[in-house]
Amino acid sequence: MTANTLATVKGSSIISALNHASVQTVVALPDIVTCAGLLWPLSKDPNIRLIPVCKEDEGISICAGLSYCNQRSVLLIQHTGFLDSLNAIRAIAVEYQLPIVMLVGLQGMEPDGRDPSESDHLGIRIIQPICEAMRLTTYLIINDASAQMLSSEIEKAYEFSQPVVFLITQHLSAD
Amino acid sequence: MLARDEALKVLAAHYTDGITVGVYQSIFDWMQIRPHPLNYLCTGAMGQAASHGLGIAIGAPNEKVVVLDGDGSLLMNLGCLFTIGHAAPENLVHFVIHNRTYEVNGDFPILGSKVLLFEEIARIAGYRHTFVFSEIVEFKLMIKHILELAGPVFVNLHVEPGESYRQDYVAIHSSESRAIFRSALHARLFGHQPENEPSKTSPDYSANEFHQ
C-alpha cells in the first residue's frame, strides 16, 4: 500500500467479526485508536458484555479466567498497555498456553501505510519484534478485508488454546 | 491474634467444595489445608489473583469463587478493586491475607502497612460488603454469614504467620495443575471433560518457570 491510498477500517467490521466468532465479552481500557470506532459502539452492543478495567494486565487475567469457563473474550488495549503487561502476557498467555486474544491499537502510528516496523516511534517499532520473541502469533488489521479474518483467527486461538495479537494500525471509523 | 493457617482452616471448614484462586504463601497453606481440584493455583504474575477470580466468577455465575489475595499482591493491582466493584459479581468473595510483608520474597515489609485500610478502598470501590478481622474468635463467628452474602464481598484478615507449610512452586506453575483445575471446573459446569486442552504439540514453556 502506498502513501495516500490508505484504506479505512470500520469498527462495525470488527464487531461483526467478534460476533461471528462467538465472542461474548470485551475487556477494555480506552485507546485513542479504537475508542470512537469500536469501544463506544461495543459499549452499546447488547450482544457483548463489556468489562472496563483500570490496567491492561487485569484484562489478561480476566480473559484467562473466562477461558477456563469456555467463554470467549477479547482484550482491547493500546500498545503502551501491551508493553506494560508483558509479564502477564508472558506467563498467562504464552507459558500457560491460554487463548488470550488481544486487539492492540498502535497509538501514534503514521497514517501513510508504512509497516509498524518502519514507524518513527520506538514504542511502535518494537511491538512486532517483541511479539516474535514471545512467539505470539500476530496480524495487522489494515483494512476491512484484514478485519474479516479476525473471526477465523479467534476460532483458531480457542481451538488450539493459544494467544493471538491483532495490531490495529489506524483510527477506526465509527460505522 | 489470627494465625494465617488457623484462619484458613476456619474457612476450609465452611468452604469445602468451591473454587479458590490464591497466591503465594496463602495458596501454599491452602493446598495442604484444603487440597481440591478446584484450587486455581496458576495466576502467573504477581497481583493478578483477584482478576483471574473475577473472570471465573463472571464465567461461572452459579459457582462461589473465593480469592485468597496477598497484601503485597493487592497493592500491585489496586485498580482491580474498582474493576470488581463495577462488575459486581455476586459470587465473588475476596480475602486479603494481610501479613504486612512480602513473606515468600524474604519477609521484607510492604509499604503503608501501618495505614493501609484495604477494606475502606474496597467499600469505596463498590464491594457490597466489607469486613476486617484480627481475632480468630470473631472470624469463626462470621465466616458462615460471609459466605452466604451476595457479593462482591471483601474480607481483610490481619494475620500472623502460623505453622510452616511447604512452598510448592512447581505446582503453582505447572501445566498439570492447570489441567486438573480445568477438568474439575468443566465437570462441575458442564458435566464433562474439556474439549480443547492446550496443544500437546506446542512447546510447553511452563516447566520450572518461577518468574513473576
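Helices (H or I, at least four residues) and strands (E, at least two) are DSSP runs, numbered from the N terminus. This is a predicted model, in which local features need pLDDT of at least 70, side-chain atom pairs count only at pLDDT 80 or more, and totals for chains, interfaces and linings use all residues. Residues are numbered from 1 along each chain as its sequence is written, while chains are lettered from A and ligands numbered from 1 in the order in which they are written.

**View 1. Helix H3 of chain A and the residue Asn70(A) that follows it.** H3(A) covers residues 56-68. Its 13 residues should span 18 Å at 1.5 Å a residue, and the end C-alpha atoms are 19 Å apart, which agrees; the expected span is 1.5 Å times one less than the number of residues. Of the 13 residues of H3(A), 13 are buried, so the helix is largely enclosed by the rest of the structure. A residue is buried if 20 or more other C-beta atoms lie within 10 Å of its own, exposed if 12 or fewer, and partly exposed in between, with C-beta atoms placed from the backbone. Asn70(A), after H3(A), has a positive phi, near 65°.

**View 2. The contact between chain A and chain B.** Chain A contributes 29 residues and chain B 33 residues, two residues being in contact if their C-beta atoms, placed from the backbone, lie within 7 Å. On the chain A side, strand S2 (49-52), H3, helix H5 (86-95) and helix H9 (150-160) each supply at least two residues. H3(A) gives the most, with nine residues.

View 3. Thr130(B) is buried, with 20 other C-beta atoms within 10 Å. Not counting residues up to four places away in sequence, Thr130(B) touches Glu119(B), Ala122(B), Arg123(B) and Phe154(B). Val21(B) is 109 residues from Thr130(B) in sequence and 19 Å away in space, C-alpha to C-alpha.

**View 4. Contacts of Val104(A).** Beyond four places in sequence, Val104(A) touches Ile77(A), His79(A), Phe82(A), Val165(A), Phe166(A), Leu167(A) and Ile168(A).

**View 5. Residues 200-212 of chain B.** Here pLDDT, the predictor's confidence in each residue from 0 to 100, stays under 50, and the model has 17 contacts beyond four places in sequence for the segment. Where pLDDT is low, the predicted coordinates should not be read in detail. Chain B averages a pLDDT of 90, and 92% of the residues score at least 70.
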